[in-house]
Amino acid sequence: MTALTLGSAINAALSKALESDDKVLLMGEDIGKLGGVFRVTDGLQQRFGAQRVIDTPLAEAGIVGTAVGLALRGYRPVVEIQFDGFVYPAFDQIVCQVAKLHYRSNGRIRMPLVIRIPWAGGVGAAEHHSESPEAYFVHTAGLRVVAASNPQDAYVMLRQAVASDDPVIFFEPKRLYHSKGEVDLDADLADAPPMHLARVAREGTDATIVTYGAQVRTALDAALAAEDDGLSLEVIDLRSLSPIDMNTVAASVRKTGRVVVTHEAAREAGVGAELVASITEQCFEYLEAPPQRVTGHDIPYPPSKLEKHHVPDLDRILFAVDRVLERGEGVLR
Amino acid sequence: MTYTQTQDSVTGGVPDEGDVLRVLEPDGARVPDATLEPWIADLSPHELRALHRDMVLTRRLDAEGVALQRQGQLALWAPCRGQEAVQVGTAHALAPGDFVFPSYREHGVLLGRGAQPADYVLAWRGEEHSAYDHRAINAAPPQIIIGAQSLHATGWAMGAQRDGSTDVAVAYYGDGATSQGDVNEAMVFASSFGAPVVFVCSNNQWAISEPVTVQAKYPIAGRAPGFGIPSLRIDGNDALACVAAMRWALDRARRGEGPSFIEAVTYRMGPHTTSDDPTRYRDAAEVEEWTQRDPIARLEAYLRAEGMLDDSGMAEVARAADALAAEVRTACIGATTRAPETMFDHVYAEPHAGLERQRAEYVAYLEGFEK
């Protein structure tokens, strides 16, 4: 095991992928000499050359669209979208082309494409640099959507994403890029849990918090705080948003009977809405209280001085825990 | 060899179809053109007859598509009548290893790649999104999203370049597509990376009801040099000019000289699709004018004058065209609709739990009716 930041774990995964399969290519803006604006691809062009780690023109549809052609020719491109809010110019190529080519060709064309997106807020960034667009992609058939919450998962899930014959939207929580964790760099992919499975990040019995990405850490902090209040909260890290591992979610909800879903993305028609609907369909008779959602507001991402009011924090999560425990409107303490 | 004409102002609009390179006049008279001539000097009578034959076949196939739609056998058809020369001419110049990225109107290109009768109609009938095996004919599924395939062609070409092969990618699209961001981004990528890709723009004058003057105030071929891509503006109704331009572009690509752009000035004789009514937006006189420049009549006149085609040759081609049309009709009418649960197939290459649950639910629902 090696202590690595989430960013370094991703770098290690990309390095391993480039090393073990010469069909793997990295493409993106500033990923070569600069090593990416977050330095996630640092040193990779130096090591693998400009033919494998490609600095592209500043054109997101161009990056994704040419990656489609490269995949058709037998390559496995891993593209970097510089920031979450910059993915929209490539949206047509992702949802109309990347997502559908396997289906349109009756399975003859494979799209082993990974689209890495430094994602979500909490870093005091400028406009368009803190968005949570995951629901758009979850809503699109043909895409797999995953979100890493820690260095070990980032390392393993990214390698799994590169190995997958399906296109994968790979969300990297940018506010965790510098957070460290133990990573087993020699982990055998065959032994690792598949990326479509959720992870019980913390076991508990009183209520379940379901979340993903950087919110996993916030949820764990909330669970720790609730422990002081004598509460045992279970935290589920979804890891995969499409498909959602409902078996793990449902097992937890059946055990606790109470559920809070939290994410940073807007509430309306978000991943939380899907989760609550599925939980209601599958676990209705186990529920002791209405499920609660703690999400970003249905607003454009606010100016960074206000983002702490938008991104759900420990207190907002505990406030919702109070509601599912029917303990009134107050914040636990 | 590059398009060099400049225009000082936009007041004159785009140059008309007379301002193009050609070697066959509308009446079939052969005229010299220094740029095109070297690329077609070696065309044998056999190859010239094959060009003619495939154009006739394309027109017959197209007529059959329209008829099948009118008879309710196809949901829609996008006619290509009038554009046979650019489709067949450019496709004839290709090598087997080259890969085409067609739009939905490229029936003549697919013919050139060896598509089978069912391949032309099953998608328009609503049975499959793309019926043909892209690997068998080296053609991507037909593209509906305007211009999106230009990027795929460029990426494929970047791959061919990395593989050290001499394979070339070809993107086909219309004049309307040149307004799209993807087409412009494709030129940036192709130029920056020197990708072996040929962009073939069939300027057929109309994007549904929008005339080309809405897309372009300057010759479309004139844009490519601005990206560092040489271009030719040719008579798209002159099959020989189409072969020549394509050979020029392919040769550049195979020699590692990167992308090329061809604007083939032609005319869409029919509607945009069978749902369209072109009488609402264009004059009969315009259509009549273009009828005089018909690509098939032009090549026929030339071949007859040269003694390469006679009545019996014409009859033989007509028989082949009728046979193809009959095969297409049979493939269309004989098509069987897949079982409903197959609509869940191939969404993903690997199992997807959410979708599998939906499939199981729907199958159970359907089975409820059978009890």
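Into which domains is chain B divided? I found domain 1 (37–338) and domain 2 (339–370), with bounds from an automatic or database domain assignment. Their C-alpha centres lie 38 Å apart.

I note that this is a predicted model, in which local features need pLDDT of at least 70, side-chain atom pairs count only at pLDDT 80 or more, and totals for chains, interfaces and linings use all residues. Residues are numbered from 1 along each chain as its sequence is written, chains are lettered from A and ligands numbered from 1 in the order written, and side-chain values use heavy atoms, without hydrogens and water.

**Chain B as a whole**

I looked up the secondary structure and found 14 helices and seven strands in chain B (DSSP runs: H or I of at least four residues for helices, E of at least two for strands, numbered from the N terminus). The radius of gyration of chain B is 21 Å, close to the 21 Å from the globule rule for 371 residues, so chain B is as compact as a globular protein of that length (taken over C-alpha atoms; the rule is 2.2 Å times the number of residues to the power 0.38). I also recorded that 54% of the 371 residues count as buried (under 20% relative accessible area, 1.4 Å probe, protein chains only).

**Thr140(A)**

I then turned to Thr140(A), which sits in the loop between helix H6 (134–138) and strand S6 (144–147) of chain A. Its relative accessibility is 11%, so Thr140(A) counts as buried. Beyond neighbours within four places in sequence, I found Thr140(A) in contact with Val95(A), Ala99(A) and Tyr348(B) (heavy atoms within 4.5 Å).

Terms used. Buried means under 20% relative accessible area, exposed over 50%, partly exposed in between (1.4 Å probe, protein chains only).
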